[in-house]
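Dear colleague,

Please find the structure below.

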Amino acid sequence: MGTVITWWGHATCTVEDSGVRLLTDPLFVRRLAHLRRRLGAVPAPEAAVADAVLVSHLHSDHLHPRSLAKLAPGTRLLVPRGAERAVPALRRLDARRNRAGLRITEVGVGDEVEIGALRVRAVPARHDGRRLPVGPQRSPALGYVISGESRTYFAGDTGLFDTMADTVGPVDVALLPVGGWGPHLGPDHLDAARAAQALADLSPAAAVPVHYGTYWPIGLDAVRPHEFFSPGEDFVRHAALLAPKVTVHLLRHGESVRPEARR
């Protein structure tokens with residue numbers, strides 16, 4: 001059957017593999033603080049249907065309690081170690097405190113969790129993982145490798161780092177961030193060119209660019225608009241030069257693809 005990837009916008013994806021449905025960094029709102037969803041409708045309720053959810057780090061556009069509250073009671077939730085201490089709203093969603101809550105598991109780099117027929121391994125990311133703007137640096141930013149019929153790498157939010165390929169290991173599909181939500185990317189992010197370098201190092205069979213073209217600061221539509229619209233196509237162009245054997249699937253919001261696994 002293979003793996004099916006659906007991109008809902010920003011870093012929110014559904015990964016379906018071996019009859020198990022995983023959701024990454026769910027963000028199901030029209031507006032978040034000074035950001036508004038500029039492209040793509042807010043995902044329909046079926047986007048929140050998942051056996052488990054993977055949260056990469058504590059930034060509010062990746063760990064969003066109001067979006068997590070849309071999940072069915074008892075859904076498994078993997079978060080970076082220290083998340084419940086740092087985010088009080090997350091504690092209120094914990095099934096140990098709220099009978100209608102979520103089954104929360106905190107993980108660190110190297111931890112592995114079985115979810116149905118899948119094995120999920122937490123891997124490092126080069127990114128500030130704290131709850132901003134004032135949270136202490138106590139929770140790591142993570143990526144995840146999902147192993148089933150295919151091996152899928154969800155990078156979360158990260159910059160390039162020397163050991164990326166070694167720590168991630170062989171993968172069939174890479175979900176890589178290629179942009180951001182503002183006219184300037186901060187440190188420890190991937191833009192389209194750096195994401196293509198990561199792709200060349202990882203050498204999967206297929207890739208899906210994410211984390212671009214969805215949210216943008218209110219009132220800044222005319223400021224560096226290419227940083228909003230172009231990262232996906234720029235990634236395709238850079239990937240063709242640096243990783244020509246990798247098939248890049250440029251998805252629209254809500255679109256799905258069944259990438260071919262490594263032969």
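How many aromatic pairs does the structure hold? The structure holds three aromatic pairs. Rings of Phe, Tyr and Trp (its six-membered ring) pair if their centres lie within 6.5 Å; planes under 30 degrees apart count as stacked, over 60 as edge-to-face and the rest as tilted.

Before the details, please note that this is a predicted model, in which local features need pLDDT of at least 70 and side-chain atom pairs count only at pLDDT 80 or more, while totals for chains, interfaces and linings use all residues. Residues are numbered from 1 along each chain as its sequence is written, and side-chain values use heavy atoms, with hydrogens and water left out.

A pair of aromatic rings is described by the distance of the centres and the angle of the planes. The ring centres of tryptophan 216 and phenylalanine 228 are 5.4 Å apart and their planes stand at 75°, so this pair is edge-to-face. The pair links distant parts of the chain, as tryptophan 216 belongs to strand S15 (residues 215–217) and phenylalanine 228 to helix H6 (residues 226–229), twelve residues apart. Helices (H or I, at least four residues) and strands (E, at least two) are DSSP runs, numbered from the N terminus.

Phenylalanine 228 also forms an edge-to-face pair with phenylalanine 229, at 4.9 Å centre to centre and 85° between the planes.

Phenylalanine 228 has a relative accessible area of 0%, whereas phenylalanine 229, at 46%, counts as partly exposed.

Arginine 38 lies over the face of phenylalanine 228, 4.9 Å from the ring centre. A charge sits over a ring if NZ of Lys or CZ of Arg is within 6 Å of the ring centre and within 35 degrees of the ring normal.

**Paired strands**

Strand S11 (residues 142–147) and strand S12 (residues 151–154) run antiparallel and are joined by four bridges; two strands pair if DSSP finds at least two bridges between them. A hairpin of three residues connects S11 to S12, and valine 145 stands opposite tyrosine 153 in S12. S12 and strand S13 (residues 173–177) run parallel, joined by three bridges. Here threonine 152 stands opposite valine 173 in S13.

With kind regards

Note on methods
Buried means under 20% relative accessible area, exposed over 50%, partly exposed in between (1.4 Å probe, protein chains only).
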